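Student: Could we go through this structure together? I'd like to ask things as they come up.

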Amino acid sequence: MTGATKPSVLVTRRMPSAVLAQLEVVCDIDLHDHSDALSHDALCARVGGKQGLICMFNDRIEESAIAAGDQLKVVATVAVGFDNIDVAAAASRGIVVTNTPDILTGATAEFTWALILAVTRRIGEGERVVRNGAWKGWAFDFLLGAELRGKQLGVVGAGRIGRAVAAVAPAFGMRAVFAARTGAGAENAATDHAVVSLDELLLTSDVVSLHVPLTQDTRHLINRRTLARMKRSAFLINTSRGGVVDDGALAWALDARLIAGAGLDVYEGEPGVHPQLVGRENVCLTPHLGSATRETRTAMAELAVRNVVEVVSGRPAVTPVAL
Ligand code: GLV
C-alpha cells in the first residue's frame with residue numbers, strides 16, 4: 001500500500017512508537033506528538049480529511065469536532081469511559097466509536113485498592129510529615145488509621161472494574177456489597193456478593209468505592225444528600241470519573257465531618273481540584289492515574305489502533321461502544 005492510498009488518522013497525543021508503527025502499516029498518521037491536548041480549534045482543523053481519530057478521555061469530541069471530520073469512519077478513544085464523545089452525533093453520521101474495555105480493569109482495580117489503603121492508613125499524611133521534617137519520632141497514638149478487617153466495602157457499579165475491586169475485598173477481611181447503577185437491580189446478578197440499594201449501601205458501608213460511568217444519571221450521584229447517608233467513619237473512593245461526585249458537596253461533608261475521608265483520582269474540571277479538597281489532610285488526591293501502568297497504557301493504545309485498522313479496512317470494530 002503506498003502512502004498516497006493509505007487512510008489517514010489523527011492521533012491526538014504521544015503514544016508508544018511501537019504502537020504507532022503498527023498503525024503506520026495501514027494508515028498515514030498525523031500525530032500531535034505532545035503529552036498535552038490539542039485545542040478544540042486545532043483538533044477541528046486537523047481532523048478534516050481523516051478517516052480515523054485516536055483520542056484520549058480528556059479530548060472533548062463534541063458534535064462540532066465530529067462534523068469537522070468530513071471523512072471520519074472511526075473515533076477510537078484510549079480509555080474505557082467515553083463521556084467526552086458525542087456518540088449520538090457520531091452514530092448519526094455512521095461513525096463508529098470504540099473504547100478500550102477490559103484491559104485496564106486490573107490496573108484500575110489495583111489503583112483503587114492503593115487509594116483505599118492510602119486514605120484509611122493515612123499514608124499521604126504520614127509521607128508529608130516525613131518529607132516536611134516534622135516527624136518527632138514514633139508515638140503510640142500517632143496518625144492512627146482505620147482497619148479494613150471485618151468492615152464492609154460498598155461498590156457502586158457492578159461493571160468490570162467494580163467486580164475486580166470487590167474480588168480483592170476478602171483478602172483484606174472485608175465483605176463486599178454492590179449497588180446496581182440504578183439503585184438496585186438484576187444487573188448485578190452475576191456477582192458473588194450481596195446486591196443492595198444505593199441507600200442501604202451508603203448507610204452500611206465503611207468504604208464506598210465508585211465504579212460507574214459518567215452519564216446524565218450518574219452526574220452528582222454523590223451529593224450532599226447521599227454523602228449525608230454515609231457513616232461518619234466511612235471513606236469515599238472515586239476512581240471512576242470526576243462529575244460522579246459533586247466535589248463542592250464532598251468538601252462540605254468533610255468539613256462537617258459527615259464522613260472520615262476520601263481517596264480521589266478524578267475530579268470535576270480536571271486538572272483543577274476543588275480548593276477545599278486540596279487543603280485537607282484526610283483526603284488522598286492523585287492525578288487520574290487509575291490505568292497508568294506501562295503495560296496497561298500500551299495495551300490500551302494497541303487496542304485503539306486495532307479498532308481503527310479494522311474499521312478503516314472495512315471490518316467491524318473490535319470494541320465498539322454501545323449507544
Ligand atoms: C480513564 O479514565 C478511562 O476511562 O480509561
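Tutor: Helices here are DSSP runs of H or I with at least four residues, strands are runs of E with at least two, and both are numbered from the N terminus. The model is predicted, so local features need pLDDT of at least 70 and side-chain atom pairs count only at pLDDT 80 or more, whereas totals for chains, interfaces and linings use all residues. Residues are numbered from 1 along each chain as its sequence is written, and side-chain values use heavy atoms, leaving out hydrogens and water.

Student: How many cavities of 30 Å³ or more does a search of the whole structure find?

Tutor: The search finds 1, where a cavity is a set of points on a 1 Å grid over the protein atoms alone at which a 1.4 Å probe fits but cannot get out. The largest cavity holds about 50 Å³ of space, a volume being the space filled by probe spheres set on points that are joined across faces, edges and corners.

Student: And which elements supply at least two residues each to its lining?

Tutor: Those are α5 (105–120), α6 (123–131) and β12 (283–285), with α6 giving the largest share, 3 residues. Lining residues have an atom within 4 Å of a point, and among them are Ala-118, Arg-122, Ile-123, Glu-281 and Cys-284. By class the lining has 5 nonpolar, 2 polar and 3 charged residues, where Ala, Val, Leu, Ile, Met, Phe, Trp, Tyr, Cys and Pro count as nonpolar, Asp, Glu, Lys and Arg as charged, and the others, Gly among them, as polar.

Student: What is the strand order in the sheet that contains β12?

Tutor: That open sheet of 7 strands runs β8-β7-β6-β9-β10-β11-β12 with parallel pairing, and two strands pair if DSSP finds at least two bridges between them. The edge strands, β8 (194–196) and β12, each pair on one side only. β12 is joined to β11 over 3 bridges, one of them pairing Ala-262 with Val-283 in β12.

Student: Which strands does α10 lie across?

Tutor: Helix α10 (residues 247–255) lies across β10 (235–238), β11 and β12, at about 150 degrees to β11; such angles run from 0 to 180 degrees between N-to-C directions, and axes are lines fitted to C-alpha atoms, for helices over the stretch in contact.

Student: What about the sheet of 5 strands, what order does it have?

Tutor: It is open, ordered β2-β1-β3-β4-β5, again with parallel pairing. β2 (28–31) and β5 (96–98) stand at the edges with a single partner strand each, so one side of each has no neighbour in the sheet. Helix α12 packs on this sheet, touching β1, β3, β4 (74–77) and β5, contact meaning heavy atoms within 4.5 Å.

Student: How do α1 and α12 cross?

Tutor: The axes of α1 (residues 17–24) and α12 (residues 294–312) come within 10 Å and cross at roughly 10 degrees. They are therefore roughly parallel, the word used for angles under 35 degrees. Val-19, Gln-22 and Leu-23 of α1 meet residues of α12 including Thr-298, Val-305 and Val-309.

Student: Changing topic, where is Pro-271, and what joins Glu-270 to Pro-271?

Tutor: Pro-271 sits in the loop between β11 (261–264) and α11 (275–278), and a cis peptide bond with omega of about 5 degrees joins Glu-270 to Pro-271. In the loop between β5 and α5, Asp-102 has a positive phi of about 70 degrees although it is not a glycine. Most residues other than glycine have a negative phi, and most peptide bonds are trans.

Methods. Angles under 35 degrees count as roughly parallel, over 145 as roughly antiparallel, 65 to 115 as roughly perpendicular and the rest as oblique. On a 1 Å grid over the protein atoms alone, a cavity is a set of points where a 1.4 Å probe fits but cannot get out, and a pocket is an open set with protein on both sides within 12 Å along at least five of seven lines; lining residues have an atom within 4 Å of a point.
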